[in-house]
Amino acid sequence: MFRLLTAILLACCVSLTASAHESSFTPKLDIGKGGKCVEDESTMRNHHYELIRHQRDDTMRKGIRGGKYSLAGCVDCHASKKNNSVLGSSENFCQGCHEYAAVKPDCFECHSSKPRKAVGEAK
């Protein structure tokens, strides 16, 4: 009986620790419009930089614009409804995830972090 109670207590402690760990270390992201992406979540999470870089090369070297993996398309869907950007705080889609992964995105040194419609409206 003592072993059973110890096992139950240990299972409860592990479960509480895991949920506390997950809630404190998982980024809380504002996904903007969200919806169906061009690829599944796992592919985008693990390979988005390769897809975007390949799209960049096609655009720069071959003049192909409007491809499936355009950075502008990402920004159009994932800009926060609060500040209309993928940057600005740890809740913003790109900035929040890159902070979590301890990676600095360099995309926005040249490209806009705001949706095309918002950029067009600002002109």
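Glutamate 109 sits in the loop that connects helix H4 (93-101) with helix H5 (116-122). The model in which this residue is placed is a predicted one. In this model the protein contains 5 helices and 0 strands, and its elements follow the order α-α-α-α-α along the sequence.

- The side chain of glutamate 109 forms a polar contact with the side chain of lysine 104, at 3.0 Å.
- Alanine 102 is also located in the loop between H4 and H5.
- With a relative accessible area of 71%, alanine 102 is exposed.
- The phi angle of alanine 102 is positive, near 60°, although the residue is not a glycine.

**The loop between H3 and H4**

- Asparagine 84 belongs to the loop between helix H3 (71-78) and H4.
- Its backbone has a positive phi of about 60°, in a residue other than glycine.
- Asparagine 84 has a relative accessible area of 33%, so the residue counts as partly exposed.
- As background to such phi values, most residues other than glycine have a negative phi.

**Cysteines**

- How many disulfides does the count give? The count comes to 0 disulfides.
- Cysteine 74 is partly exposed, at 24% relative accessibility.
- Cysteine 77 is partly exposed, with a relative accessible area of 28%.

**The protein as a whole**

- The protein has 123 residues, of which 22% count as buried.
- Its accessible surface comes to about 9400 Å², and carbon and sulfur atoms account for 60% of that area.
- Where contacts join residues at least 6 apart in sequence, 58% of them link residues at least 24 apart.

Methods: Residues numbered from 1 in each chain as written. Predicted model: local features only at pLDDT ≥ 70, side-chain atom pairs only at ≥ 80, totals over all residues. Heavy atoms only, no water. Helix = DSSP H or I, 4+ residues; strand = E, 2+ residues; numbered from the N terminus. Buried < 20%, exposed > 50% of the residue type's maximum accessible area, 1.4 Å probe, protein only. Contact = heavy atoms within 4.5 Å. Areas by Shrake-Rupley, 256 points an atom, 1.4 Å probe, with all protein chains shown as cover. Polar contact = N/O pair within 3.5 Å; in protein donor to acceptor, adjacent residues only side chain to side chain. Disulfide = S-S within 2.5 Å.
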